[in-house]
Amino acid sequence: MDTVDASSPARGQGSGAAAVPGAQAIARAARLLRLVTAAGATGATVGDLAREADLTRPTVHRLLSALRAEGLMDRDETSGRWLPGPELYLMGSVAASRFDITATARDIVRSLAVRTEESAFLSVRRGDETVCLMREDGSFPIRSFVLSEGVRFPLGVASAGLAILAFLPPQDVDAYLERHPELVDRWGTSHSAARLRTRIAYTKARGYAVNPGLIVEGSWGLGAAVFTRAGDPQWALSLTGVEFRFGGERLAELGRVLLAHAHQLSTRIAAR
């Protein structure tokens with residue numbers, strides 16, 4: 001997966017693609033594919049998708065129907081919800097041989113969950129977002145469900161994305177923040193450029209990122225970047241749990257364990 005082009009344009013990222021004939025329709029269809037896969041096994045309604053994609057319901061229905069005809073979408077006839085289609089599975093199976101590191105990371109993520117007793121995750125950078133690839137629940141009975149497989153967050157929002165953002169080159173951080181002034185409107189004033197820069201500085205000083213309940217109140221997260229052989233922050237390991245489990249000396253201990261596992265995975269990836 002070291003060959004992934006993390007700079008590929010993602011949602012909200014300028015690429016000049018609008019000048020290419022048909023690019024708008026492709027971008028809209030790709031957006032719907034991402035939203036449906038992020039919805040997980042429950043699927044998504046046309047109304048949900050129209051609202052999230054900022055499109056009219058007729059446009060969404062037309063695109064979904066076209067994707068369904070190609071096998072990229074499926075519709076539950078009972079609930080009316082839209083789900084990923086069988087062709088996505090086949091495509092993903094082929095792509096996994098080149099891009100997937102879950103087999104390489106699975107035992108490390110599981111070890112992280114066992115050692116900390118918290119939910120542990122592996123996420124990958126995709127353009128200006130992170131996508132959760134793997135979740136492993138720890139033994140502590142109270143859990144946070146902010147993150148699960150397929151869920152996407154902009155860089156800098158969840159702890160995994162903040163860890164990755166913090167270790168990008170400064171010019172890339174500047175460019176990202178300039179591209180995404182909407183973070184404040186969607187995620188609150190704690191995600192202004194100034195506050196994100198403060199958290200980036202803290203992350204670089206500690207080595208790991210802390211999300212003190214900024215997405216869901218009372219649900220904390222820690223994230224540590226995982227690097228390619230060339231030293232690029234392409235993935236992240238993270239932990240989530242309830243606030244009282246992430247305080248004081250235990251927070252520092254969780255950070256040490258997380259960093260050790262992230263270093264182990266970076267070393268393993270470099271040796272591939």
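Start by selecting asparagine 211 and whatever surrounds it: leaving out residues up to four places away in sequence, this residue touches Val157, Ala158, Ser159, Ser219, Trp220 and Gly221 (a contact is heavy atoms within 4.5 Å).

Before you click on, a word about what's on screen. This is a predicted model, where local features need pLDDT of at least 70 and side-chain atom pairs count only at pLDDT 80 or more, while totals for chains, interfaces and linings use all residues. Residues are numbered from 1 along each chain as its sequence is written, and side-chain values use heavy atoms, with hydrogens and water left out.

Stay with asparagine 211, which sits in strand 6 (residues 209-212). Strands (E, at least two residues) and helices (H or I, at least four) are DSSP runs, numbered from the N terminus. Is asparagine 211 buried or exposed? Its relative accessibility is 6%, so it counts as buried (buried is under 20% relative accessible area, exposed over 50%, partly exposed in between, with a 1.4 Å probe and protein chains only).

Next, show Val146, Ile215, Gly221 and Thr240 along with Asn211. Of the 14 residues lining the largest cavity, these five lie nearest its centre. A cavity is a set of points on a 1 Å grid over the protein atoms alone where a 1.4 Å probe fits but cannot get out, and lining residues have an atom within 4 Å of a point. This one holds about 130 Å³ of space, a volume being the space filled by probe spheres set on the points. Which strand gives the most to the lining? That's strand 7, with 3 residues. The lining has 7 nonpolar, 7 polar and no charged residues.

Now jump to helix 2 (residues 46-53) and colour Val46, Gly47, Leu49, Ala50 and Ala53, which are buried. Look down the helix axis: the buried residues fall within an arc of 165°, so they line one face of helix 2 (the arc is that of the directions from the helix axis to the C-beta atoms). Select helix 1 (23-38), helix 3 (57-69) and strand 2 (82-84) to see what those buried residues pack against.

Finally, zoom out. The protein chain has 10 helices and 8 strands, and buried residues make up 47% of its 272 residues.

Terms used. 1 Å grid on protein atoms, 1.4 Å probe; cavity = no way out; pocket = protein on both sides within 12 Å on 5 of 7 lines; lining within 4 Å. Nonpolar A, V, L, I, M, F, W, Y, C, P; charged D, E, K, R; others polar.
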